[in-house]
Amino acid sequence: MSQVLRVLLVGLGHMGMSHGRAYEKLDGFQIVGLCARGIAKRHDLPESWAELPRFSDYGEALAILKPDVVSINTWPDTHADFAVRAFESGAHVFIEKPLAETVDDARWVVDAARRLHRKLVIGYSLRHHPSWIRLVEIARGLGKPLVMRMNLNQQSIGDAWTWHKNLLKSCSPIVDCGVHYVDVMCQMTGAKPVRVHGMGARLSNEIAQDMYNYGQLQVFFDDGSIGWYEAAWGPMVSETAFFVKDVIGPKGAVSIVMPEHGGGAAAGASTTSSSDMDTHGKTNAIRWHHSALNADQSLSKGDEIISTTDEPSHDEICEREQIYLLQAIRNDEDLTEHMQSAVESLRIVLAADQSIRERRVVEL
C-alpha cells in the first residue's frame, strides 16, 4: 500500500495543529478536512488549509469525507467514541493520549481496532524521542530493583491556565501526562505493576470541587521496583524542580539534565519554562552515574555526560509519530504491544486517581 492516505484532522488545539503540520509535510498523507466544535470562529489557521472542508459535526465529517485516517486531538471525553466511530467508517486512527477516560473504554477502542482490522496509534511521543529511548536503554542496565522519580509540573497562566481549567473538567494532571511517564517506567522495569497509591490537592477555587490540580502517584512493581510521578497545573505552581527525570538502580543512576535555573537578569528567572511545550519532552543532556567502587571506596568511574542538544523539536517528534502510523498501515505491522501498553499505563494512572478519591491504596 503506497497511495496517499486521506486524513480528517479532528481537534485544532496545540497538538492538533502540530500533527496537522506533520501530515502536511509528509508525502504519505493529505489532509482532506478539518473538524472542531468552534471551527467557525477560527481565523488563525494556515493559509494552505483555507480551501479544506470544515466541519463542526464529527459524524457529518466522517460521512462526507470517508477518510483513510482520522487524527483525534480532542478532549479526552470524546476519544473512545470518536475512535470507534472512525474504525466503523473504515478509517485507521491516530489518537492523542490518554486513549480514553476509563479502562473499559480503552479496551473497547482496542477491541474495535482488532475486530475491524484497523491500525491504532496513540500519541505516546516519548516512545519516538531518541533521548528518551536512550534513557530507557541505560535504565534497563542498572540492575534491579529500580527507583524511578519523575514529575512534570506546569506554572500555567493566561491562555495556558484557561486551557488547563478546561482539561480539568475531564482529566486530572496525573492522568493526562502521567500515562507518558508511567509507560516509561513500565518499559524500564519490564515488570508487572501490583499496587498504586496516590495523593492530590485542589489548589484553586476556579476548578470543580471534586477535581485536583496537584497530584502524585506511587507505583509498586512485582520485581521490587518503585516509582513516583508528580504533576500540577496552575498559576500557583513552583518553577523549582518542575522537571525531574531520575532513575536509580544497584549499578548506578541515569538522569535527564535540564538547563540551569536562575541564570536570568531578574530574581528567580529561569532559562527554562514549565509551561513551554517544548520542554516537556526536551532534554539538555543525559547524566549516567556508575556505582562501582575502588578498593578505597572511591568511585571507579566518573559520570558520563551524553549531550542531547541536537535532539528533535516538538513538531519533529509529531512527524515521527505520524511516520510510525504510516509504516504500520503500509506494512500491516502488528501494533498489539503498542495498544496494550497504552491500556496498561492508563490503568495505572486511573488507579492512582481512584486512590486519591477513595483515600486508599489500590491493588492492581
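Trainee: Where does Arg359 lie?

Mentor: Arg359 sits in the loop between helix 11 and strand 15 (362-363). Helices (H or I, at least four residues) and strands (E, at least two) are DSSP runs, numbered from the N terminus. Keep in mind that this is a predicted model, where local features need pLDDT of at least 70, side-chain atom pairs count only at pLDDT 80 or more, and totals for chains, interfaces and linings use all residues. Residues are numbered from 1 along each chain as its sequence is written, and side-chain values use heavy atoms, with hydrogens and water left out.

Trainee: Okay, is Arg359 buried or exposed?

Mentor: Arg359 is exposed, with a relative accessible area of 78%. Buried means under 20% relative accessible area, exposed over 50%, and partly exposed in between (1.4 Å probe, protein chains only).

Trainee: And how many Å apart in space are Arg359 and Arg54?

Mentor: Arg359 and Arg54 are 45 Å apart, C-alpha to C-alpha, and 305 residues apart in sequence.

Trainee: New topic: helices. At what angle do helix 2 and helix 3 pack?

Mentor: Helix 2 (residues 58-65) and helix 3 (residues 76-88) pack at about 15 degrees, and their axes are 11 Å apart. The axes are lines fitted to C-alpha atoms, for helices over the stretch in contact, and angles run from 0 to 180 degrees between N-to-C directions. Helix 2 and helix 3 are therefore roughly parallel; angles under 35 degrees count as roughly parallel, over 145 as roughly antiparallel, 65 to 115 as roughly perpendicular and the rest as oblique.

Trainee: Which residues make that contact?

Mentor: Tyr58, Gly59 and Leu62 come from helix 2, and Phe82, Arg85 and Ala86 from helix 3. Contact means heavy atoms within 4.5 Å. By class there are 4 nonpolar, 1 polar and 1 charged. Here Ala, Val, Leu, Ile, Met, Phe, Trp, Tyr, Cys and Pro count as nonpolar, Asp, Glu, Lys and Arg as charged, and the others, Gly among them, as polar.

Trainee: What about helix 1 and helix 10, how do they pack?

Mentor: Helix 1 (residues 14-25) packs with helix 10 at about 65 degrees, axes 9 Å apart. Their contact has 4 nonpolar, 5 polar and 5 charged residues.

Trainee: Which residues touch the most other members in the largest nonpolar core?

Mentor: That core has 108 residues, and Tyr58, Leu99, Leu120, Met188 and Tyr229 touch the most other members. A nonpolar core is a set of buried Ala, Val, Leu, Ile, Met, Phe, Trp, Tyr and Cys residues joined through side-chain atoms within 4.5 Å. Helix 11 (residues 336-358) gives the largest share, 9 residues.

Trainee: What is Leu120 in contact with?

Mentor: Leaving aside neighbours within four places in sequence, the contacts of Leu120 include Phe87, Leu99, Leu335 and Met339.
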